[in-house]
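Have a look at the model, then work through the steps with us.

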Amino acid sequence: MALYFLFFTEMWERFSYYGLRALLVYYMTKHILLDDFKERVIGHAAVIGAIQSVFGELAIKQQASQLYGLYTAFVYLTPIVGGLLADRVLGQRRTVIIGAVLMALGHFMMAFESLFLFALLALILGN
């Protein structure tokens, strides 16, 4: 039963990542990062300001690519911390459940453009 549970949670995690990966840059360049919408996204100015302080002035496509790159990097790095938490603090099953809830919450928050960056953060932490 435990192996079955872990298999399906891993399957949904990969489905979440690759499904979002296919549409994330397009969604940012055609909607979220446009001048009409970027003021509505909580934390947009701070995140883009931090990115531009490192890379200089960026066009919309470049901003989207940088955000996508950061998202992907953190998706692959955070499981190390999650594994340590699972082994030392929370336990395997509890950690998987918390991760699944965070990922579901992240996908729910994607429905609200003002919570876009928080949704990405929830998906990263859930992963």
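Predicted model: local features only at pLDDT ≥ 70, side-chain atom pairs only at ≥ 80, totals over all residues.

Residues are numbered from 1 along each chain as its sequence is written, and side-chain values use heavy atoms, with hydrogens and water left out.

**Exercise 1.** Describe how α3 and α4 pack, and list the residues that meet.

Step 1. Helix α3 covers residues 44-55 and helix α4 residues 60-90; helices are DSSP runs (H or I, at least four residues), numbered from the N terminus.

Step 2. The two pack at an angle of about 95°, with their axes 11 Å apart. Axes are lines fitted to C-alpha atoms over the stretch in contact, and angles run from 0 to 180 degrees between N-to-C directions.

Step 3. That angle makes α3 roughly perpendicular to α4 (under 35 degrees is roughly parallel, over 145 roughly antiparallel, 65 to 115 roughly perpendicular, and the rest oblique).

Step 4. From α3, His44, Val47, Ile48, Ile51, Gln52 and Phe55 meet Gln63, Gln66, Leu67 and Leu70 of α4; contact means heavy atoms within 4.5 Å.

Step 5. By class, this contact of α3 with α4 has six nonpolar, four polar and no charged residues (Ala, Val, Leu, Ile, Met, Phe, Trp, Tyr, Cys and Pro count as nonpolar, Asp, Glu, Lys and Arg as charged, and the others, Gly among them, as polar).

**Exercise 2.** Now do likewise for α4 and α5.

Step 1. The axes of α4 and helix α5 (residues 92-109) come within 8 Å and cross at roughly 135°, which makes α4 oblique to α5.

Step 2. Gly82, Leu85, Ala86 and Leu90 of α4 meet Gln92, Arg94, Thr95 and Ile98 of α5. The classes in the contact of α4 with α5 are four nonpolar, three polar and one charged.

**Exercise 3.** Work out how α5 is oriented to α6.

Step 1. The axes of α5 and α6 come within 7 Å and cross at roughly 160°, so α5 is roughly antiparallel to α6.

Step 2. Among the contact residues are Gly99, Leu102 and Met103 of α5 and Phe118, Ala119 and Ala122 of α6. The contact of α5 with α6 divides into eight nonpolar, four polar and no charged residues.

**Exercise 4.** Which element gives the most to the lining of the second largest pocket?

Step 1. A pocket is an open set of points on a 1 Å grid over the protein atoms alone, where a 1.4 Å probe fits, with protein on both sides within 12 Å along at least five of seven lines; lining residues have an atom within 4 Å of a point.

Step 2. The lining includes Val47, Leu67, Tyr71, Phe118 and Leu121.

Step 3. α6 (116-126) gives the most, with five residues.

Step 4. The lining divides into eleven nonpolar, one polar and no charged residues.
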